[in-house]
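Colleague: Hey, I'm new to this one. Could you walk me through it?

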Amino acid sequence: MASTLTLNVNGRTHKLSVDDREMPLLYALRNDLGLQGPHFGCGLEQCGACTVHINGKAVRSCRFPVGKAAGAKILTLEGLGTPKKLHPLQAAFIEEQAVQCGYCINGMIMQAKELLDSNKRPSEAQIKQALANNLCRCGTHLRIVRAIKRASEMMA
Amino acid sequence: MLMEKISRREFLKTSGALVVTFPLAHPLAEAADKGKPAPAKTVALDQVDGFIAIDSRGRVTVYSGKVDLGTGVHTALAQIAAEELSVPLEKVEVVQGDTALTPDQGITWGSLSIQAGGMQIRQACATAREALLAQGAEKLGVSRSGVYAKDGRVMVLGSEKGVSYGQLVGGKNFQMKVDAKAPLKPPSAYTIVGQPVKRFEIPDIVTGRFTYMHDFKVKGMLHARVVRPAAMKANLLSVDDSAAKKVPDYVATVRKGNFLAMVAKNEWAAIRCADGVKAQWSDWQGLPDKAKLWDYVRQTKVVSDEVFQKVGDSGAAMKTGARMLTATYDFAIHTHGSQGPSCAIADYKNGKLTVWTASQATHLLRTQLANMLGIKADDVRCIYLAGSGCYGRNGHEDAAADAALLAREIGKPVRVQWSRADEHGWDPKGPPTLLEHRAALDASGNVVAWESMVYIPNRPKGFEVTLIAADLAGLPKDTAFPGNIHQSLAIPYAFPNIKATARWLAETPFKPSWIRTPGRMQNTYANECFMDECATAAGVDPLEYRRRNLKDPRGLELLDRLARLANWTPRKGPAKASGDIVKGRGVSYIKYELVRTYVGAVVDVEVNRKTGKVRVERVYMAHDCGQIINPDGIKNQLEGGVVQTVSRTLIEDLKFDRSRVTSLDWKSYPILTFPDVPDVVLDLIDRPTERPWGVGEPGTAVVPSAISNAIYDAVGIRMRSVPFTADKVLAALKTA
């Protein structure tokens, strides 16, 4: 039975009708709201490509039921900044060219944002630890670490 | 005023939901937007119009059959074209891998996008520039020698007078053949090639505005999930879809032979339908016992032995040595492990098929899909959209075949998204590779005879890897070809007697395809480990031993620079260090396929004697690929290649039982994560006046052997079986 729920995403309210409140939030964001930041990588909370923030915390949207997200404040990569008004993390990723195929980068930036929210000047080891559950198959890790370091300096 | 470069995203905004892949300014855009077949544009490899078009505003569109798989070649190809045409970089747009628009420049593989594809584009641009100069001179009323090209204009020497390319050729065809003799711009005049230009896509990627294959939508499309057999070659006995049919938005169950797919109006419904369908499969247990994989490989029926390098008479010389060395190396089966499982959309209307795909081989895919569906290749159009990195033939083509088959069955556009288990379980794999080496050394430690043999699946005619959908549905299919995996078995060293043989096998357990540095990685691993074993036997520093046996000045220069970069000091055999953690360093060298890119690596490792865990601390790499197009692009590729190959070398190993792949997620098939990533220190040797060679593969080829050699340097054991897991290292330490 379809039900209506309200999602607050990137500061805007969306009403949508869902058949299954257990549907992962990722599908609502991508298919109902047309967002392209969060990606489907595994559906198992193992890789991080789908990461969004819910009430300020980095969450794997591939398993988070959409029903539980209703009413919460959801932030996606699109809401972080735009090409014209970049968030320092996005600017730093461009500056360091910290992308190969880029499919995982959504998760890298959203996870890094959670880190920088609580630790403004993380060490290299702390950055690596914070991203230990985010996978990158292209091997862009070194650039990603440099970009996060640069962002923390830009934000200081 | 010049038009700003239209990013794909901005284009999407202006073109609505249906997305096309060429610039808005292009006349073909409108046709595709309405789903009409594109008007004919030549895709001939010998025509300038095959590769470039210039519109009335002077904007250049480059048509590249090679595609950017996350490697940066999109930007690099634009640099090459802008440079050779003398137009500002922001006026160049690149259309990639659209069979209706781009010439068939071959599969995007083998690190050939710049070396081969880029040079075809460069020559077409040089031809066009010469034609524009001649035409411009005529229009300006001066002699040909009185004009030059600058910023998209033909200018009169010593004057402000000029005419723009747009005025000369805008919107019209060149209608001329690519002139192989058209003069190339001298590298001394380069302002764009050789610069670390930032990649075009990155601002959109980091702000969530880039459209990957996975993000692409076609109006009215349905969603499908394929239900894979429970055992690799099991037959589908029965299907009970009664529960799936109750899922809202269920559309259809498609069963064709052993091909089973669930189609729904939305993606989540398709997943629920696939979860809900009950399929009965026959038992099948045709895979070899993994515990005895190498016995299986050794006992596989041999089709033929083929010698790829023969110097002197190794058989006779082998008997004359003072010492004989033998070693056997094996290299595990790896999955591509793309971060995004494969995805494709197909639309079949009026006997014509359009497929949107992240395939690295759209032109080949086109003929494969045509064969599968029994239609003409002319009635198939494959359009490339960037996907998740693939590093060789992953599931992209198979997802396209799934979508094509379903689109024809359903009569509506269908999007197929693979699951993580689909990708880990069903992408074609790099075949298991076994190598046997032997050498005879004289009393002074010089190699007098070197022989190698690699056991690899046979190369049938043709370049196709079978499409899974064709296989399962019992449709016509092509034969499998795992790539030129005998390459780089031949060695760069000047030994008096050498024989390098490929032993072609009649079968291999999994559908074989190329995965980054196919064959060259395995062959180089064994060659360069064995080289180290010879150096040890000779009592000579391993870097010095390589130097002694190299005659190639470019190779020697590379090794010198590598030694300086890594601050190499002669190795004196395994350190007698105390404590649990022991450090070591190893070296490796390659001239790729003996004809191109030179690479050397020094690797520093830490081996934990208690746990067996190997940690790669740092990788130094010297790299000479001739002319550098974009130095930052090269660094990005090398860093990534090193990290990925450290992962493959230390921990990756496909798991399977007698029926199927069992490592179906990232827990059962782990890859290297941030805390274990090594530092990478690079020295790029730029040779602007040489031709450019490939980058993505060669840098990875040297990594496994350098790690193995470093482990020996640390703890005195030879790791001859990739991956070097903690268990294997510990076992070797115990028996040492």
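Modeller: Helices (H or I, at least four residues) and strands (E, at least two) are DSSP runs, numbered from the N terminus. Keep in mind that this is a predicted model: local features need pLDDT of at least 70, side-chain atom pairs count only at pLDDT 80 or more, and totals for chains, interfaces and linings use all residues. Residues are numbered from 1 along each chain as its sequence is written, and chains are lettered from A and ligands numbered from 1 in the order in which they are written.

Colleague: Okay, so in what sense do β23(B) and β24(B) pair, parallel or antiparallel?

Modeller: Parallel, over 7 bridges, with β24(B) covering residues 679-685. Two strands count as paired if DSSP finds at least two bridges between them. Together with α19(B), these strands make a right-handed β-α-β unit. Right-handed means that, with the strands pointing away from the viewer, the path from the first strand over the helix to the second runs clockwise.

Colleague: And what about β22(B) and β23(B), parallel or antiparallel?

Modeller: Antiparallel, over 10 bridges, with β22(B) at residues 598-608. Val603(B) has Val619(B) of β23(B) as its bridge partner. β22(B) and β23(B) form a hairpin with 5 residues between them, and Gly612(B) in the turn has a positive phi of about 85 degrees.

Colleague: Is β23(B) mostly covered or uncovered?

Modeller: Mostly covered: 8 of the 11 residues in β23(B), which spans 614-624, are buried. Buried means 20 or more other C-beta atoms within 10 Å of the residue's own; exposed is 12 or fewer, partly exposed is in between, and C-beta atoms are placed from the backbone.

Colleague: Switching topic: how many residues of chain B are in contact with chain A?

Modeller: 48 residues of chain B, in contact with 49 residues of chain A. Contact means C-beta atoms, placed from the backbone, within 7 Å.

Colleague: Which element of chain B gives the most to that side?

Modeller: α19(B), with 8 residues. α7 (202-206), α9 (267-276) and α19 (631-650) of chain B each supply at least two residues there.

Colleague: What ipTM does the predictor give the complex?

Modeller: An ipTM of 0.99, along with a pTM of 0.95. For chain B the mean pLDDT, the predictor's confidence in each residue from 0 to 100, is 93, and 94% of its residues reach 70 or more. Over residues 1-38 of chain B, though, the pLDDT is below 50.

Note on methods. Two residues are in contact if their C-beta atoms, placed from the backbone, lie within 7 Å.
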